[in-house]
Amino acid sequence: MNFGGLKLDTKARTGFNLGFDMEIPVVSDIYIQPGLLFNSKVMVSSFLDQEIEHRLNYFEIPLSFLYKPMLGGGNLILGFGPYLAYGIGGHKSDKDRNGEDIYFGKNKDYKPFDMGGNLLLGYMLKNGLFAQFKAQLGLKNIAPEDYEGVIIRNNGFGLSVGYRF
């Protein structure tokens, strides 16, 4: 990405999420899965030989559509759906851990609203334990208005492990 004629390189780093969701049966093997998550998304930007870590925190509402056919001793999980998120803060720091808070909103570090899509692939055992991989594609540019021509989107992937009652 170019910023003011200078190259800005970004890389994803490990974040985390914590929250809950529920599965609402629609028809055999088809479910709707709404949820509420606290999600930490992390990227590292390289600019003029300086690396800065940006940790962006969001409240996120995913709405996934699941297909869960029987497979072996459990269920395969295939899903997709949109998400809406609202930025609530964050932190940015350099490699020496000198840092400052990140703010969302008009004339701030990032735009607060984010939206995009999720793809899910996983497996759930009969006892309720599950693991799933999630890929996330951000569709909204969260760069501030004064970053003319710069596009920043939240893209990522992750692994979730949990238990379904």
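This note sets out the main features of the structure in numbered points.

1. Basis of the note. The model is predicted: local features need pLDDT of at least 70 and side-chain atom pairs count only at pLDDT 80 or more, while totals for chains, interfaces and linings use all residues. Residues are numbered from 1 along each chain as its sequence is written, and side-chain values use heavy atoms, with hydrogens and water left out.

2. Overall make-up. The protein chain has 12 strands and zero helices; helices (H or I, at least four residues) and strands (E, at least two) are DSSP runs, numbered from the N terminus. The C-alpha atoms fill a box of roughly 55 × 30 × 25 Å along the principal axes. Of the 165 residues, 36% count as buried, where buried means under 20% relative accessible area, exposed over 50% and partly exposed in between (1.4 Å probe, protein chains only). Among contacts (heavy atoms within 4.5 Å) with a separation of 6 or more, 58% join residues 24 or more positions apart.

3. Strand pairing. Strands E8 and E10 pair in the antiparallel sense over 13 bridges, and E10 and E11 pair in the antiparallel sense over nine bridges; two strands pair if DSSP finds at least two bridges between them. Gly117 in E10 is the bridge partner of Pro82, and Gly117 also stands opposite Leu137 in E11. E10 and E11 form a hairpin with three residues between them, and Gly128 in the turn has a positive phi of about 100°.

4. Nonpolar cores. The largest nonpolar core has 12 residues, including Met43, Tyr58, Ala85, Phe104 and Ile152. Such a core is a set of buried Ala, Val, Leu, Ile, Met, Phe, Trp, Tyr and Cys residues joined through side-chain atoms within 4.5 Å. E6 and E8 (74-94) each supply at least two residues of this core. Leaving aside neighbours within four places in sequence, Ala85 is in contact with Tyr58, Phe59, Glu60, Pro112, Phe113 and Asp114.

5. On a 1 Å grid over the protein atoms alone, a pocket is an open set of points where a 1.4 Å probe fits, with protein on both sides within 12 Å along at least five of seven lines, and lining residues have an atom within 4 Å of a point. Of the 20 lining residues, Gly19, Asp21, Leu37, Phe130 and Ser160 are the closest to the centre. The largest share of the lining, five residues, comes from E3. The lining divides into eight nonpolar, nine polar and three charged residues; Ala, Val, Leu, Ile, Met, Phe, Trp, Tyr, Cys and Pro count as nonpolar, Asp, Glu, Lys and Arg as charged, and the others, Gly among them, as polar.

6. Gln132. This residue is placed in strand E11 (residues 129-138). Gln132 counts as buried because its relative accessible area is 8%. Not counting residues up to four places away in sequence, Gln132 touches Ile77, Leu120, Leu121, Gly122, Gly158, Leu159 and Ser160.

7. Asp29. Most residues other than glycine have a negative phi. Asp29 has a positive phi of about 70° although it is not a glycine. Asp29 lies in the loop between E4 (24-27) and E5, and counts as partly exposed because its relative accessibility is 28%.
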